[in-house]
Amino acid sequence: MSPAATGDDAPAAEPTRPVLPEPTQVPVLNIANLLTLSRLALVPVFLVALFTGDGHDTTWRLIATAVFGVASVTDHVDGWLARKHGLITDFGKIADPIADKALTGAALVGLSVLGDLPWWVTLVIAAREIGVTLLRFWVIRQGVIPASPGGKLKTLTQILAITLFLLPLPAGWLVVAWTIMGVAIALTVVTGVDYVVRAVRLRALGKRAVGS
């Protein structure tokens with residue numbers, strides 16, 4: 001009868017492998033995306049307040065400005081929540097900029113209809129925003145282009161300028177409003193060109209990856 005294996009003769013124990021948790025999928029209906037959807041829902045509320053009466057009633061202009069301000073704040077809050085709690089989703093990457101453009105577009109068109117803002121300003125900004133949205137879908141298979149610092153500054157100056165045009169302020173404030181709007185228009189054009197360049201590059205890289 002062979003002796004039992006002991007000491008050095010004992011078979012080496014297999015090292016235990018750590019069990020890694022499976023990656024959890026981020027739900028589409030999370031707090032960040034719900035805030036984005038709420039921003040979209042506030043757009044018609046804002047328009048109703050803006051056009052109530054003759055469109056220049058002081059009380060309703062203040063209400064419209066407040067709704068616009070609340071909706072604009074959700075843009076920063078939903079992005080912060082998504083990054084802090086890992087709630088970033090492909091839906092959010094697409095829906096967030098669309099909600100932003102719907103809000104600013106509604107405000108610009110509304111102000112132009114009321115005669116408070118020239119139509120050329122609205123058309124320049126709208127052309128850029130619609131073009132960028134179409135570019136997002138054009139390169140969606142290759143990836144999502146993140147917002148640049150210039151794009152974020154563009155959004156901030158647009159919101160600030162629109163807010164000043166919405167508020168029933170004395171005529172002297174128009175100089176300040178137009179100065180900020182001028183900066184916003186310049187940033188709108190420059191960041192639009194930058195986005196086109198980045199989209200073309202991303203598209204080209206995607207085609208090379210497929211061909212390799």
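In this predicted model, D100 is a buried residue, with a relative accessible area of 16%. Its side chain meets that of R39 in a salt bridge, with N and O 3.0 Å apart. The partners belong to distant parts of the chain, R39 sitting in helix α1 and D100 in helix α3, 61 residues apart. R39 is buried as well, because its relative accessible area is 0%, below the 20% limit. Side chains of opposite charge can pair when their charged atoms come close, and by the rule applied here the count comes to 6 salt bridges.

K101 forms a salt bridge with E129, the closest N and O atoms being 3.4 Å apart. E129 is buried at 5% relative accessible area, and K101 is buried at 16%. E129 also meets R128 through a side-chain salt bridge of 3.0 Å, N to O, and both of these residues are buried. Through shared partners, salt bridges join K101, R128, E129 and K154 into one network.

Helix α6 comes into the picture with T191. The side chains of T191 and R128 are joined by a polar contact of 2.9 Å. T191 counts as buried, because its relative accessibility of 7% is under 20%. Beyond its neighbours within four places in sequence, T191 is in contact with R128, G150, G151 and K154.

Turning to the nonpolar residues, the largest core holds 28 of them, and F46, F68, L117, I162, L166 and M181 touch the most other members. Helices α1, α2, α3, α4, α5 and α6 each supply at least two residues of this core, with α5 giving the most, 6 residues. L117 is in contact with L108, L111, S112, T122, F165, W178 and M181, leaving aside its neighbours within four places in sequence. Apart from this core lies another, of 6 residues, including V132, V139, Y195 and A199.

Nonpolar side chains are also found at the surface, where L29, I31, L34, L37, L40, I98, F137 and I140 form a patch with about 680 Å² of accessible area together. Helix α1 contributes the largest share of this patch, 4 residues. F137, a member of the patch, is located in helix α4. With a relative accessible area of 45%, F137 is partly exposed, because this value falls between the 20% and 50% limits.

Conventions
Residues numbered from 1 in each chain as written. Predicted model: local features only at pLDDT ≥ 70, side-chain atom pairs only at ≥ 80, totals over all residues. Heavy atoms only, no water. Patch = residues over 30% accessible without salt bridge, like charges linked within 9 Å, V, L, I, M, F, W, Y side chains within 5 Å. Areas by Shrake-Rupley, 256 points an atom, 1.4 Å probe, with all protein chains shown as cover. Salt bridge = Lys/Arg side-chain N within 4 Å of Asp/Glu carboxyl O. Buried < 20%, exposed > 50% of the residue type's maximum accessible area, 1.4 Å probe, protein only. Core = buried A, V, L, I, M, F, W, Y, C linked by side-chain atoms within 4.5 Å. Contact = heavy atoms within 4.5 Å. Polar contact = N/O pair within 3.5 Å; in protein donor to acceptor, adjacent residues only side chain to side chain.
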